Amino acid sequence: MMKKKQRLGMVSAIVCLVMCFTGCTTEDNPVENPIKSKSIVILYENDVHCSINGYARMAGLRDAINRSDTAYAAIVSSGDYLQGAVSGAISRGQYIIDIMRNMNYAAITIGNHEFDYGGPRMIELLQNVNAPVVCANFFEYGATQPFYAPYVIKSYGNKKIAYVGVCTPETMSAESYSFYDKDGNQLYDLRNDQVPALVQQAVDNARDEGADYVVLLSHLGEDEKENAISSWSLVEKTKGIDVVLDGHTHSMIEHHDVTNLEGIPINVTQTGTQFAYVGKLLITADGHISTTLIPNAMIPYENVAVAATVDSIKADMSNIVNQPIATTDYELAISDSNGRLVRRGETNLGDLIADAFRSAMTADIGLMNGGGIRNNIFEGTITYGSIIDVLPNDNRICKIEATGALLIEMLRKCTAKCPEEDGNFPQVSGMRYTIHTASHTVSDVEVLDANGTWQPIDETRTYTVGVADYFMNGGYYDILKQCPLLINSNTIVRDVLADYLKLTLGGTTGTAYAVPQQRITIINN
């Protein structure tokens, strides 16, 4: 997969913006002049994942453009804002909605991580977001109309822009617990096979309603995974979309053309993740469309109301997040120079978390999916806030029983995409194994016995496993759903890690986790 990391021109773009808007105030008070021909600027973000510091600057830039009377300006989101860091985790998304309510978004769509607290919680939160929520493919199960409007049309002077939303159907497997009740009855549907048709219908209807431009707020990404739909393949199967503001894969793409069904190149763009950049879509008065990525930290404006809300939330969180838990003399990492290593190989942080699970449940084996480990822990003091950043989901620790044969099958299934990144990738404790990337097999699976000696796994024997309750609702451990549940704890996994660091390890990581412990071997044959 290509990722265009085009940085040229971003600094000059900021300079031009600052020069154009010097002297503007930071209040949201756009100049309305519907008969004046002006450019339109749409500022966009994706995969913010609770990085709350960027919101005020983004809104401030929007406000400055509107006050300058040189262009109409608005802001939009392509999803994944409710989960991913402390502010989302400890409020189950409420803090993020409190901020977004003051942003005055023109439109937002939903990402897969909006479902992390369950479908009903997402719906409850978004009722108060003070913005149109658009998604063409999110349905209540069995419904004939989507739950949210497929699109919304906004006027900018004498031009109309339709914002169409779409969410990755991969959500139905990655966050499957949100799509079914406790009895296994399906609640919601993302219409995997119908996504291009549903988006095309929304585009056509918006055009019929008078839209001059159609902007797709997409949470599909560029990787065609198990659902075989990406932003690129969607463009290839549709017509009438002018630009795609994408998300989901955390790519930094300033501009990438994909040919649509009519042979027209359509720009697909992404801002990366965690507010490192704000995207700027410019539609000039004569209809020319371009996109630029702006480093968020270089934006010289702030919206006062948004900044005050963020400051208030930080004050509320401070007593919780600043609690010291332990210290480390080195970084506990999830990434390397090639991306998110925790999703394709062993990391020292993965080892630590799997050990914590195994210890907490006094189990033979500890398991943690790489996709659930969200951030690094840096050298120095480990606070409770940094642990929440690592494990922001509300999963509980459980103890299950699984046969050796089932565990081998789980390893094979969940490493099948290696060396590509996959959130299913198992970080392990009390177990070691070898991955063969060419044949998509695993071998040499061993388990520690009571004496601390490695023994070949016995396919006929049952082993106890400490694991997050994610497995109970499908998730990446769906192959383990049939396993007997021995202990269903109420302890959240981040508290398991905090207790392991503070109590079991005595408040320091020592030297044991300085490097990965060679539990996973990868052979390219």
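Reader: Which residues in H2 are buried?

Author: Please keep in mind that this model is predicted. In a helix of this kind, the general idea is that an α-helix has 3.6 residues a turn, so residues three or four places apart point the same way. In H2, the buried residues are Tyr-55, Ala-56, Met-58, Ala-59, Gly-60, Leu-61, Arg-62, Asp-63, Ala-64, Ile-65, Asn-66 and Ser-68. That makes twelve of the 14 residues, and H2 is accordingly mostly covered.

Reader: What span should the 14 residues of helix H2 have, and how far apart are its end C-alpha atoms?

Author: Counting 1.5 Å a residue, helix H2, which runs over residues 55-68, should span 20 Å, and its end C-alpha atoms are 20 Å apart, so the expectation and the model agree. Just after H2 comes Asp-69, which takes a positive phi of about 65°.

Reader: I would like to turn to charged residues now. How many salt bridges does the structure hold?

Author: The general idea is that side chains of opposite charge can pair when their charged atoms come close. This structure holds 16 salt bridges, and one of them joins the side chains of Asp-394 and Arg-92, at 3.6 Å from N to O. This pair links distant parts of the chain, 302 residues apart, since Asp-394 sits in the loop between helix H11 (384-390) and strand E17 (396-403), while Arg-92 sits in the loop between helix H3 (86-89) and helix H4 (94-100).

Reader: Why does Asp-394 count as partly exposed?

Author: Asp-394 counts as partly exposed because its relative accessibility is 21%, and the limit for buried is under 20%.

Reader: Is Arg-344 buried or exposed, and which residue forms a salt bridge with Arg-344?

Author: Arg-344 is buried, with a relative accessible area of 13%. Its salt-bridge partner is Asp-336, and the closest N and O atoms of the two are 2.4 Å apart. Asp-336, at 32% relative accessibility, counts as partly exposed.

Reader: Where do Glu-421 and Arg-340 lie?

Author: These two form a salt bridge, with the closest N and O atoms of Glu-421 and Arg-340 being 2.9 Å apart. Glu-421 lies in the loop between helix H12 (404-414) and strand E18 (426-429), and Arg-340 in the loop between strand E14 (324-328) and helix H10 (348-360), so the pair ties together parts that are 81 residues apart in sequence. Salt bridges that share partners also join Arg-92, Asp-394 and Arg-494 into one network.

Notes:
Residues numbered from 1 in each chain as written. Predicted model: local features only at pLDDT ≥ 70, side-chain atom pairs only at ≥ 80, totals over all residues. Heavy atoms only, no water. Helix = DSSP H or I, 4+ residues; strand = E, 2+ residues; numbered from the N terminus. Expected span 1.5 Å × (residues − 1). Buried < 20%, exposed > 50% of the residue type's maximum accessible area, 1.4 Å probe, protein only. Salt bridge = Lys/Arg side-chain N within 4 Å of Asp/Glu carboxyl O.
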